Amino acid sequence: MEKWKEYAQRLWAISAYRNLMALPVLQQLQLLVETLAEDAPERKQLLMAYTGTFYELQRAGHDSLGGYLWEHLRYDETPYGDAAARGAANEALIAAARQDLETFGALAAIDGSAWVQTMTSILGAENAQRLPAWRADTTLTYGAVTAAYEADGAGEFARYKAFIWENHTLLPVRDPDLEEYELIGYEEERREVYENTRALLAGHCVNNMLLYGAAGTGKSATVKSLLKVPEFGDLRIIELDKQQLADIPILIRSLDGLRQKFILFIDDLSFETADVGYSVLKTVLEGSLEKRPANVVIYATSNRRHLMRETFSERGDDEINLRESIEERTALSERFGIRVLFRGLNKNQYLEMVQALAKQAGISMETEALNKMALQWEREHASRTPRSARQFIQYLQGI
């Protein structure tokens, strides 16, 4: 009983991880411990608290208290997790976190049979033995949790690598679309993107990048493929729609100081007129009084080199400063420090990609026949690009 009174007091004193005490498992566990700490525990309350703890563990997909706590300690937003990941935890916070984790670790290390044995005298041997038990876990320690924060960060950015900014909210992408096909013929273009990203991860303040060229040439796939590079473990990509560009300053400020490196990814960027998003992006790229953090960079893709639609009517002679107006329309693309052109494939590159994709897809066909069909497909679809090659292979798989 004295042991449970001590545990009850230690749970009341949880401070650095106070928000975790609202979790269903910990609410049931606290009720269980408090009931065991009573001089004359009420059987019904004890039984419901124990089975409630077991149920909530199973509902969360865990068979141990340690595993459940580890997941929330690593990926829930907490003061110590955030501070430890940044290397900015003060002494008081460190002491509080150590005490909390020692409490969680001690409770997680109690074997299921030990819980049942404790309740036997209250519930009776027969009733107690019918109870299910969760597994003990002795791996939950202050050192292990802190090392994880320091190595991989904490919160959502430690769990997920891809995010979408939508309605002023950051949403994790649990299963990002990372295309597997090889971008044959684009080695130099990819190398430039990879090298800039590698410099970002090394802590340098790097150039924003614009990837432009024909549709279907693999511009977006090149950016997304960065998440598959093994040494880019600290890289995170946040995709923004053109309609969300006004939020970029707020988003950048929220990422400043985090251990991870962030690419703000704007896909298929173009403007019909110089709208609000145009002005905001232009200022963020170059011209703002506020310095861009070294852990954030902007990558955009576009089918237009100058990002803004131009018409012959707009080049009429009714405007006095026509040249200045045209220069204003083309100024945005020039604010990207690096601009990479993705051209369409030549015939040999296109056929080489088709053959590689066919092999990858397990399609057995004579090279001559495959090439003939691929060229026919290219003529019908007026596109000699990686996208066209991939669509052709998908067509073969479906027939």
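Guide: Contact means heavy atoms within 4.5 Å. By that definition, L29, L32, V33 and L36 in helix α2 meet W115, T118, M119 and I122 in helix α7. The residues of this contact comprise seven nonpolar, one polar and no charged. This is a predicted model, in which local features need pLDDT of at least 70 and side-chain atom pairs pLDDT 80 or more, while totals for chains, interfaces and linings use all residues. Residues are numbered from 1 along each chain as its sequence is written, and side-chain values use heavy atoms, without hydrogens and water.

Visitor: Why are α2 and α7 called oblique to each other?

Guide: Helix α2 (residues 24-37) and helix α7 (residues 112-123) pack at an angle of about 45 degrees. Angles under 35 degrees count as roughly parallel, over 145 as roughly antiparallel, 65 to 115 as roughly perpendicular and the rest as oblique. The two helices are therefore oblique.

Visitor: What makes I248 buried?

Guide: Its relative accessible area is 0%, and buried means under 20%, exposed over 50% and partly exposed in between, with a 1.4 Å probe and protein chains only. I248 is therefore buried. I248 touches L240, L264, I266, L281 and V284, leaving aside residues up to four places away in sequence.

Visitor: How do you know that β1 pairs with β2?

Guide: Two strands pair if DSSP finds at least two bridges between them. Four bridges join β1 to strand β2 (residues 169-172), and the strands run antiparallel. One of the partners in β2 is L171, which bridges to I164.

Methods: Axes are lines fitted to C-alpha atoms, for helices over the stretch in contact, and angles run from 0 to 180 degrees between N-to-C directions. Ala, Val, Leu, Ile, Met, Phe, Trp, Tyr, Cys and Pro count as nonpolar, Asp, Glu, Lys and Arg as charged, and the others, Gly among them, as polar.
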